[in-house]
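Trainee: Hi! Could you walk me through this structure?

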Amino acid sequence: MAGRRRASRAGCSLVLLLAVLVGCGGRPTPDTASADVQRVLDRRAAAILDRNESAYRATEEPSGSTAEFTRLRAVPLAAWSYRLTDLHRSGDRATAGAELRYRIEGYDRAPVTAARTLRLVREGGTWRVASDVPAERASQQLWEQGAVTVVRGAHSLVLGVGQSGERLRAYAGLADRAVPAVTDAWGADWTGHVVVLVPKSLEGMAGLLGAPASGYRGIAAVTTGEVSEAKWGSPRSKTGGGTARAPADRIIVNPDAYGLLGDFGKQVVLTHETTHVATRAHTTAATPLWLSEGFADWVGYRGSGRTATQAAPELARAVLDGHVPAALPDDKDFGFAGDAARLARAYEGGWMACRLIADHWGEVRLNEFYRAVGDHEKRAGAVEGALRDVLHTTPEKFTQQWQAYLKAQLA
């Protein structure tokens, strides 16, 4: 009997324990932290869009800073939102991962997305943000680097940190000249405006890219999009694949390297960069770098009066020495790995190929060729098909014609 009574008491104790753990309804009590944190982030986003400092402060830990809110006031935002992606809670403290999405009014067709890490504390039953920083390996936003100055051009929006208004207006002037030049060469099927970010230094540029500064030393500017990225130096570039959806492109300037260029070089760089923005929707994984970079250089130099030898000095030197390239530049030739002469020859070779098409087949055919290559589903067969369908030639014949063109123009 005693044994049975002990078992019965143990059973009752177990039942009571389970009742405490799961509640009277027999179901686990839900943890509403994720929903609560999302609501705080929604209020924070609304405060930023409404420029409501008191509402923003209500989402911040009392000792938190409103510096980012103050800096954002200068930025013309059309949208700002957070999507909670994960939450790790320990009592009244939590670490959250979130995706920030925002658009600049009048410029972005698609939102910029940025991975964020937030620390939160719960006080009086309410979650508040203690810190909001880029996630690991994610890039900074310009306003995190200091007070933002905004200059509006006719076709451009320039945002700078640590730059004078006069200098930013000069960038806007260059971009405003680049946009119509690109439209004249490419066509009007793009937004017809650009957003230019000018950080204080090379280190600031690297922060915006989430990359070491050493990888961009000597690079005058970088163009980024939501799916792909382009980068180039002075005035060379490197671009990746894109999508049919035009993303929110940004032209990011390295003021240290860009400032070393002359007026002509600065204009070529901004025009080259703007070309990448314009052609983004037709630049895909099927597009080789010799075409995307060559076309951007072709637009940059178009109408400048510069001769082939003036614009392609490294390739001209090689051709004069009897080293005519055996093939069009490969993607790996565009790697910025310290061999500046090899990199220059790659860009110049791509430019000369596009120049050949424009000279021999016409500018309209060059545009059609670029679009036809990008419209292909994959890299294999893309150039071959466009050469056949648009230029009515073969890769072998085109390469031979390009080699002869190099000798005629550069030798």
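Predicted model: local features only at pLDDT ≥ 70, side-chain atom pairs only at ≥ 80, totals over all residues.

Trainee: Okay! How many bridges are there between strand β5 and strand β6?
Mentor: Five bridges join strand β5 (residues 148–152) to strand β6 (residues 156–161), and the pairing is antiparallel. The two strands form a hairpin, with three residues between them.

Trainee: And which residue is the bridge partner of Val148?
Mentor: That is Val161, in β6.

Trainee: What about the open sheet, in what order do its strands come?
Mentor: The order is β1-β2-β3-β4, four strands with antiparallel pairing. β1 (77–90) and β4 (126–134) each have a single partner strand, so they stand at the edges and one side of each has no neighbour in the sheet. From one strand to the next, the twist averages 30°.

Trainee: How many bridges join β1 to β2?
Mentor: There are 12 bridges between β1 and strand β2 (residues 93–104), and these strands run antiparallel. As an example to find on screen, Asp86 stands opposite Gly97 in β2.

Trainee: Which helix packs on that sheet?
Mentor: Helix α2 (residues 33–50) does, touching β1, β2, β3 (112–123) and β4. The direction of helix α2 makes about 155° with that of β1.

Trainee: Switching topic: how many aromatic pairs does the structure hold?
Mentor: It holds 16 aromatic pairs.

Trainee: Are Trp186 and Phe295 buried or exposed?
Mentor: Both Trp186 and Phe295 are buried.

Trainee: Why is the pair of Phe264 and Tyr301 tilted?
Mentor: The planes of Phe264 and Tyr301 are at 40°, with ring centres 6.1 Å apart, so the pair is tilted. An angle under 30 degrees would count as stacked, and one over 60 as edge-to-face. Phe264 lies in helix α8 (residues 263–279) and Tyr301 in helix α9, so this pair ties together parts that are 37 residues apart in sequence.

Trainee: Which residue lies over the face of Phe264?
Mentor: Arg306 does, at 3.8 Å from the ring centre. Trp186 has a charge over its ring too: the charged end of Arg371 sits 3.7 Å from the centre.

Trainee: Which residues are linked into a cluster by ring pairs?
Mentor: Trp80, Tyr82, Tyr102 and Trp143.

Trainee: Last topic, the nonpolar cores. Which residues touch the most other members in the largest one?
Mentor: That core has 67 residues, and those touching the most other members are Val196, Tyr258, Trp290, Trp298, Met352, Phe369 and Leu410. Helix α12 (residues 340–360) gives the most to this core, with 10 residues.

Trainee: What does Met352 touch?
Mentor: Leaving aside residues up to four places away in sequence, the contacts of Met352 include Ala308, Leu315, Trp402 and Leu410. There is also a second, separate core of 48 residues, with Val40, Ala47, Tyr56 and Ile104 among them.

Technical notes. Residues numbered from 1 in each chain as written. Heavy atoms only, no water. Phe/Tyr/Trp six-rings, centres within 6.5 Å; stacked < 30°, edge-to-face > 60°. Buried < 20%, exposed > 50% of the residue type's maximum accessible area, 1.4 Å probe, protein only. Lys NZ or Arg CZ within 6 Å of the ring centre and 35° of its normal. Core = buried A, V, L, I, M, F, W, Y, C linked by side-chain atoms within 4.5 Å. Contact = heavy atoms within 4.5 Å. Pairing = 2+ DSSP bridges. Axes fitted to C-alpha atoms, helices over the stretch in contact; angles between N-to-C directions.
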